[in-house]
Amino acid sequence: MRRKLFFSLFSTIIFSQDYSAKVYGFSVADAHLTLKPDSINLQFKTNGIVNFIWPSDNTYWTYFDSTHFGLKTFQKKIRQENFDQKFLIELSDGNLKYKKETRVRGDSTKTIFTMLAMLTDRPYEMLDTQWFEMDHEGKPILGRFLWAGTETITIGHTNILCDHFRMDFKHIDETTGFLTQTDRFMQYAPNPNGVCQIWVERNGNRRIIRVTINAYGFSYEILIKND
């Protein structure tokens, strides 16, 4: 019975992978990403000298509709320096709810996290240049992927053929979100003036292999760790 339960649980996971985040080549954080058919979970924790200056230990959970990657629930738990925050939103029947506040949203509305999940599932032909309606903690935005061809990324001694994308964001109005203060990742991630590039394994599990972000004068690289 235990063996059957183990294999049943394991089979639901598309991948669970560790990443290293760097700024200008210096390690600043470790991340762990778990992707299942209906959910995506990201854990992010600073390391090294950054952990002494700007410590963060953050977790983000997102459940989505597996047919169109629309948001169902998004929850986060933030421990960042002297800032702690818990946040939960739910989307149902066209209403996005946070405590007593609501926003009107289509049920296929995506988030940054469900966009990443969709990127690992669908071929580039279904995504390239198409704008998707998104929500970012109560703020409506648009997002799209631009396919830039294929490229080989070397991890250790392994060459991995990847689809290379650029991810763009567009703020469609100046409406404020649910929160007056948020964590650094959620504050900076949807920057319409930044440059975000993503490399996704072309074959096999279609894992996210590499992400680079240039925003607010900083150059970030998030790279999958050796298996």
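A salt bridge is a side-chain nitrogen of Lys or Arg within 4 Å of a carboxyl oxygen of Asp or Glu. In the predicted model described here, E201 and R207 form such a pair, with their closest N and O atoms 2.9 Å apart. Both E201 and R207 are buried. The structure holds 12 salt bridges.

Further salt bridges centre on K76. The side chains of K76 and E137 meet in a salt bridge with an N to O distance of 2.7 Å.

D183 counts as buried because its relative accessibility is 0%. For E137 the relative accessible area is 6%, so this residue is buried as well.

E137 also stands out in its backbone. Its phi is positive, at about 55 degrees, although E137 is not a glycine. A positive phi of about 75 degrees is found at T129, which is not a glycine either. T129 is placed in the loop between α3 and β9, whereas E137 is placed in the loop between β9 and β10. The relative accessible area of T129 is 45%, so T129 is partly exposed, a class that lies between the limits of 20% and 50%.

A search of the whole structure finds one cavity of 30 Å³ or more. The largest cavity has a volume of about 60 Å³, and its lining consists of F74, I89, T111, I112, F113, D135, H136, E137 and M186. Two or more residues of this lining come from α3 (112–119) and from β9 (132–136). By class, the lining of the largest cavity comprises five nonpolar, two polar and two charged residues.

Helix α3 is itself mostly covered, with eight of its eight residues buried. The buried residues in α3 are I112, F113, T114, M115, L116, A117, M118 and L119. I112 and F113 are also among the residues that line the largest cavity.

The largest pocket contains about 1,100 Å³ of space. Its lining is made up of 36 residues, of which F44, F185, I213, Y220 and I222 are the closest to the centre of the pocket. In this lining, 30 residues are nonpolar, five are polar and one is charged.

The second largest pocket has a volume of about 330 Å³. Among the 17 residues that line the second largest pocket, H136, K139, T182, M186 and Q187 are the closest to its centre. Strand β10 (139–155) and helix α4 (184–188) each supply at least two residues of this lining. The lining of the second largest pocket has six nonpolar, nine polar and two charged residues. H136 and M186, listed here among the residues closest to the centre of the second largest pocket, also line the largest cavity.

On the surface, Y24, F26, Y188, Y216 and F218 form a nonpolar patch. Together these residues have about 610 Å² of accessible area. One of them, F26, lies in strand β2 (residues 26–36). F26 has a relative accessible area of 62% and is therefore exposed, the limit for this class being over 50%.

Methods. Residues numbered from 1 in each chain as written. Predicted model: local features only at pLDDT ≥ 70, side-chain atom pairs only at ≥ 80, totals over all residues. Heavy atoms only, no water. Patch = residues over 30% accessible without salt bridge, like charges linked within 9 Å, V, L, I, M, F, W, Y side chains within 5 Å. Areas by Shrake-Rupley, 256 points an atom, 1.4 Å probe, with all protein chains shown as cover. Helix = DSSP H or I, 4+ residues; strand = E, 2+ residues; numbered from the N terminus. Buried < 20%, exposed > 50% of the residue type's maximum accessible area, 1.4 Å probe, protein only. 1 Å grid on protein atoms, 1.4 Å probe; cavity = no way out; pocket = protein on both sides within 12 Å on 5 of 7 lines; lining within 4 Å. Points joined across faces, edges and corners; volume = space filled by probe spheres on them. Nonpolar A, V, L, I, M, F, W, Y, C, P; charged D, E, K, R; others polar.
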